[in-house]
Amino acid sequence: MELFLEQHRWLYASGAESSGQTTYEDEILSGLTEQTFRTYPVHTTASRNSIAWHLWHAARIEDITMNILIAGREQVLLSGGFAEKLNTRFIHSGNGMDEAEIAELSAALSLEALKNYRLAVAARTRSLISGLSAAELKAKVDASRLRQVSEQEAVKATEQWLLDYWGGKNAAGLVLMPATRHNFLHLNKAMKAKLKLQKQPVAP
């Protein structure tokens with residue numbers, strides 16, 4: 001649990017919890033231009049998707065899995081009113097989007113609202129994971145909660161494989177993938193996009 005909380009802290013912007021140490025998301029957001037944030041497609045070896053999409057998608061996956069599947073509670077997207085604040089019609093995880101949809105999201109998504117959404121998702125995750133017992137971490141995902149994901153249209157109907165994947169996990173497995181490794185994956189892709197689009201001059 002301590003290792004998770006330490007790793008997780010480095011994956012999100014410092015926000016009000018700043019200890020004076022720069023996190024991975026701080027590095028991505030530092031000096032990030034709006035054009036770089038929204039550019040799609042991005043031609044890197046890691047991904048074509050925009051930084052906007054990567055940061056949004058990672059937060060959506062964590063919000064869905066931690067709140068619906070592990071805690072059985074309302075998503076931060078809904079409880080915090082972010083479905084409206086984010087300025088996008090997409091409320092699902094982002095899996096299975098076509099190029100036109102990704103371009104639409106990248107152009108419209110509110111950067112400020114996304115920053116606040118990510119901070120809210122991170123705070124909720126740390127709070128609920130800190131309260132889990134060893135037995136709860138070992139518990140498999142309840143089938144009724146997987147149905148809630150579909151009912152809330154949190155995953156596109158074409159992406160049933162994702163529900164099947166989550167359904168094979170216990171709570172600890174979801175903590176290790178969506179809440180940590182999945183974030184690392186998409187922050188890495190976002191950073192590669194930033195470095196590609198905002199090339200830093202080489203010091204003499």
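Predicted model: local features only at pLDDT ≥ 70, side-chain atom pairs only at ≥ 80, totals over all residues.

Trainee: Fine. Then where does Pro41 lie?

Mentor: Pro41 is in the loop between α3 (34–38) and α4. The peptide bond leading from Tyr40 to Pro41 is cis, with omega near -5°.

Trainee: And α4 itself, at what angle does it cross α12?

Mentor: Helix α4 (residues 51–71) and helix α12 (residues 171–197) have axes that cross at roughly 175° and come within 8 Å. Anything over 145 counts as roughly antiparallel, so α4 and α12 are roughly antiparallel to each other.

Trainee: What kinds of residues make up the contact of α4 with α12?

Mentor: By class, 16 nonpolar, six polar and three charged residues.

Trainee: Switching topic: how many aromatic pairs does the structure hold?

Mentor: One. Phe82 and Tyr117 form it, in a tilted arrangement with 5.3 Å centre to centre and 50° between the planes. Phe82 belongs to helix α6 (residues 82–85) and Tyr117 to helix α8 (residues 111–130), so the pair ties together parts 35 residues apart in sequence.

Trainee: Are those two buried or exposed?

Mentor: Both Phe82 and Tyr117 are buried.

Trainee: Which charged end sits over the ring of Phe82?

Mentor: That of Lys85, 4.7 Å from the ring centre. Arg9 does something of the kind with Trp10: its charged end sits over the Trp10 ring, 4.3 Å from the centre.

Trainee: What about Glu84, buried or exposed?

Mentor: Exposed, with a relative accessible area of 63%. Glu84 is also in helix α6.

Trainee: Now α7. Which of its residues are buried?

Mentor: In helix α7 (residues 99–108), the buried ones are Glu101, Ile102, Leu105 and Ser106. They cover an arc of only 130° around the axis, so they are on the same side of α7. The face turned away from that buried side carries the exposed residues Glu99, Ala100 and Ala107.

Trainee: Last one: what's the phi of Asn87?

Mentor: Near 65°, a positive value in a residue other than glycine. Asn87 lies in the loop between α6 and α7 and counts as partly exposed at 47% relative accessibility. Have a look at Glu153 too: its phi is positive, about 55°, although it is not a glycine. Glu153 is in the loop between α10 (143–151) and α11 (160–167), and at 52% relative accessibility Glu153 counts as exposed.

Note on methods. Residues numbered from 1 in each chain as written. Heavy atoms only, no water. Axes fitted to C-alpha atoms, helices over the stretch in contact; angles between N-to-C directions. Helix = DSSP H or I, 4+ residues; strand = E, 2+ residues; numbered from the N terminus. Parallel < 35°, antiparallel > 145°, perpendicular 65-115°, else oblique. Nonpolar A, V, L, I, M, F, W, Y, C, P; charged D, E, K, R; others polar. Phe/Tyr/Trp six-rings, centres within 6.5 Å; stacked < 30°, edge-to-face > 60°. Buried < 20%, exposed > 50% of the residue type's maximum accessible area, 1.4 Å probe, protein only. Lys NZ or Arg CZ within 6 Å of the ring centre and 35° of its normal. Arc of directions from axis to C-beta.
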